[in-house]
Amino acid sequence: MKARKASVCVVGDVHGHLQLALGMAARWQQLLHYSFDVVCLCGDVGTFTSEASIDDATQRHAARNPCELEFLNCWMSSSEPTWISRIFLPLEEGGLGLVCPIVMIHGNHEDFEFLRSIVPKTQKRPQTPVAVAELPTVDRFGHIHYLPSGWQCISTSGLVIAGIGGIESKSPHQKYDPMAYLDQGAIRHLQRMPRANLLISHQGPATFQPRGGSTTLNAFVTASLAEIWCHGHSTHEDPRIHSSTQCTILPLHDVAFHSDKSKPDDPGKDAWAAIEFFSDAPANIRRERPACWPEFQKFKWISVDNTLVAPILYY
């Protein structure tokens, strides 16, 4: 019998849809009959903390989909909404039972001034993995931890997670904050560190995503940086899982409702992955839209104080 070392849920681009991303992760545990040690978010979490910090693209999407601003309107509110706390309450207390830590990296749609403020410039990249509990938190209630680009963290089960945030700058006309782009120093730092169990990045390699991927990250395809590499951003060019002796590369789609224009009420497809790591065998990977997804279709959500709330969290 294989000895499980740890289990992790990795989620693609969130774009503000945190209760969708985390609520479905919580319900998935019940269907899988085991608990996650950690849930990882592959950037574009939408961690905006003020109206002024919202970029133009997010403003456009938010005009037709208010879930894009869920982090600003709810996760940064002065008091924690009851429905947020229910995601993290144990099952026996009436919650969804997501009691493990949440770890995010940044994408290119975040409040970068805020992220800079929680990781001082004077703080050097650690030479060894940092305990997840020691990572800074981004939401007002301390649920979501931020893994800065180039860092590694370690879960209580011993799972080592490496992170690379941002995208490659391909055009001088791009006008994102400088932090939205790949940090070459962070990449070099990770290349010098011991191999991780899991690498999460926002962008994937151009080897498999020619238009939306990064040529810089192509070097990670053959490097032995991690056993599993999960990424979000542009994934539709080649959605296949690619495996080699060095690494298995797992593209994850957006979780957002609008990611499939033909079915706007459905959660994103193939945006969640459940990975079981074993001490004596290769990891077991399930990438899919968890079977609980009909519980979270958008037309079923309830408007509470001008916020859409999943019915499973509103009772």
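**View 1. Asp238 is buried at 9% relative accessibility, and its side chain meets that of Arg240 in a salt bridge.** Buried here means under 20% relative accessible area, exposed over 50%, and partly exposed in between (1.4 Å probe, protein chains only). A salt bridge is a side-chain nitrogen of Lys or Arg within 4 Å of a carboxyl oxygen of Asp or Glu. The N to O distance for this pair is 2.9 Å, and Arg240 is exposed at 54%. This is a predicted model, in which local features need pLDDT of at least 70, side-chain atom pairs count only at pLDDT 80 or more, and totals for chains, interfaces and linings use all residues. Residues are numbered from 1 along each chain as its sequence is written, and side-chain values use heavy atoms, leaving out hydrogens and water.

**View 2. Glu113, Arg116 and Asp177 are linked in a network of salt bridges.** Between Glu113 and Arg116, the closest N and O atoms are 2.8 Å apart. Glu113 is exposed at 54% relative accessibility, while Arg116 is partly exposed at 25%.

**View 3. Asp183 and Arg125 join their side chains in a salt bridge of 2.8 Å, N to O.** This pair links distant parts of the chain, 58 residues apart. Asp183 is partly exposed at 32%, and so is Arg125 at 29%.

**View 4. Gln203 is buried, with 2% relative accessibility.** Have a look at its side chain: one polar atom lies 2.7 Å from the backbone nitrogen of Glu168, and the backbone oxygen of Gly212 lies 2.9 Å from a polar atom of the Gln203 side chain.

Key
A polar contact is a pair of N or O atoms within 3.5 Å; within protein, one must be able to donate a hydrogen and the other to accept it, and residues adjacent in sequence count only if both atoms are side-chain atoms. Helices (H or I, at least four residues) and strands (E, at least two) are DSSP runs, numbered from the N terminus.
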